[in-house]
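Hi everyone, thanks for coming.

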Amino acid sequence: MNFPEDLKYTREHEWARVKGKRVVVGITEFAQDQLGDIVYVELPSVGDEVKKGEAFGVVESTKAVSDLFAPVSGKVVEVNDPLSDAPETINEDPYEEGWMIAVEASDLKDLDDLLGAKDYAKFVEEEQE
Amino acid sequence: MALRTPLYDVHVRSGARMVEFAGWDMPVQYAGILEEHQAVRTRVGLFDVSHMGEVVFRGPRALETLNRAFSNDLTRIADGQAQYGCLCRESGGVVDDVVIYRRSAQDLLVCVNAANRQKDFEWLRDGARGQAEVANESDDWAQLALQGPRARIVMAQLSRTDLASLKPFRFLNGEVAGVACTIARTGYTGEDGFELFCPPGQAQKLWEALMETGASEEIAPCGLGARDSLRLEVAYRLYGSDMDDSTTPLEAGLAWVVKLEKDDFVGKAALLAQKQKGLPRKLVGFALTDPGIARHGYDVLGAGTKVGSVTSGTRSPTLKISIGLAYVPPALAAEGTTFAVDIRGRAAAAKVVKTPFYTRT
């Protein structure tokens, strides 16, 4: 399974791509695989505040509903709107086309406890056992 | 530990994702639920449904004894025919919904839901009061379901039995890929198809032959996920979700399998009384007109307060809309009526629609 080196990961299986104060958020390949076919996604609007560790949205697959947890606190500056009509994009391309929101982080220290790619891969392995 | 069907190893080897369902380790999906769903609607899919149970009634009074425990009427079908209906309690509550295969008036097979194997067997045996021999043969049968418009093409290549003239809800004994089976033109998907009952030791041989021969028809092995979305599109009830011991078949919209004019059967008095008094709630099909997916257990809201609950819901892969079944007060049950579903705190608008949601053309 692919966990890009340049991303940071939560233990709830979101990824964060950090560029300055801008943090783009999505779910990992492992998450989309566990969920199965994603058929619905509920995301916040531009301007909404999200809080680290709290739910900012929902993904639903044919099997299950799953909350999305924010890896950082901040203001939503961009939302991947095409996902609402094509949620399957998250399955097909979780790290690029399947991104969900971009947040302007209020405190980059929020990122300190996220996992690197190697540690996340280990975490996934342990969770599967 | 969860129970395993004779095809467990085959599923694991073919990369299925296994989940526990009704005490069984079952494949929930192979390639993906949407892809499997689509395969059954347009081509052909193969399901392992060996977790289903089989209870057999035998003896000179088998038919009348079983008919007394059954809401539908077994005297109205011929030998070689199957019939859907409910087993009810005296209260009218549903013990299970079943398909009964009438091999003869002295020999009938009741196909029961996996979770209810033991409950149904005890219920039927106790209810029979020694008037018929009642046997739990659940462990003696494996069951495969071959479903989809091309199912008959696959079967024609594997069986010398004339299946083209086998009508819906008819069955016969024959051979498929050299395996002696009961071949029934039944299913739980809303498509043409067959359900095959065979000895557990032969299940793997039968599965592999169907997969191999089905390859030219682009057959897909299918799991319980697709089975659920397929059945919901045609509004087939799922026991344990859409009904249980506390709901009657009339409330569940199954009046068509309740023959109140036939001789006495368990639950008849209660069901007659309920019919005369009027139903307290009705199971209806609905489509969401707001975004979201309604799930089992979500509240139905009328004027802001809870008036009912969703029993099944999904995004219909074929229709591309959110559909579901819900119990609502009779005043909200007419087609076109609107209500709301509480989706995690958000009131999503829904409209009562005709079922089945999907009909094959």
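Let's begin in chain A with strand S4 (residues 38-42): four of its five residues are buried, so S4 is largely enclosed by the rest of the structure. By buried I mean that 20 or more other C-beta atoms, placed from the backbone, lie within 10 Å of a residue's own; 12 or fewer is exposed, and in between is partly exposed. Strands here are DSSP runs of E with at least two residues, helices are runs of H or I with at least four, and both are numbered from the N terminus.

A word on the source: this is a predicted model, where local features need pLDDT of at least 70 and side-chain atom pairs count only at pLDDT 80 or more, while totals for chains, interfaces and linings use all residues. Residues are numbered from 1 along each chain as its sequence is written, and chains are lettered from A and ligands numbered from 1 in the order in which they are written.

Back to S4(A). This strand pairs with strand S6 (residues 55-61) of chain A in the antiparallel sense, over four bridges; two strands pair if DSSP finds at least two bridges between them. Within that pairing, A:Glu42 stands opposite A:Val58 of S6(A).

Still in chain A, have a look at A:His13, in the loop between strand S1 (8-9) and strand S2 (14-19). A:His13 is not a glycine, yet has a positive phi of about 75 degrees. Is A:His13 buried or exposed? With 24 C-beta neighbours inside 10 Å, A:His13 counts as buried.

B:Lys320, in the loop between strand S16 (305-315) and strand S17 (322-328) of chain B, has a positive phi of about 60 degrees and is not a glycine either. B:Lys320 is exposed, with 8 other C-beta atoms within 10 Å. While we're on backbone geometry, the peptide bond from B:Thr355 to B:Pro356 is cis, with omega near -5 degrees. You'll find B:Pro356 in the segment after strand S19 (346-353) of chain B.

Now for the sheet in chain B. Six strands form an open, mixed sheet in the order S10-S11-S12-S9-S3-S13. Which strands stand at the edges? They are S10 (171-176) and S13 (220-222) of chain B, each with a single partner strand, so one side of each is left without a neighbour in the sheet. Further in, strand S9 (residues 142-147) of chain B pairs with strand S12 (residues 193-198) of chain B in the antiparallel sense over six bridges, and B:Ala142 has B:Cys198 of S12(B) as its bridge partner.

And finally, the helices. The axes of H2 (residues 33-42) and H7 (residues 224-233) of chain B come within 8 Å and cross at roughly 55 degrees. Axes are lines fitted to C-alpha atoms, for helices over the stretch in contact, and angles run from 0 to 180 degrees between N-to-C directions. That makes H2(B) oblique to H7(B), given that under 35 degrees is roughly parallel, over 145 roughly antiparallel, 65 to 115 roughly perpendicular and the rest oblique. B:Ile33, B:Glu36, B:His37 and B:Val40 of H2(B) make the contact with B:Gly225, B:Ala226, B:Ser229 and B:Leu230 of H7(B), where contact means C-beta atoms, placed from the backbone, within 7 Å.

Conventions:
Contact = placed C-beta atoms within 7 Å.
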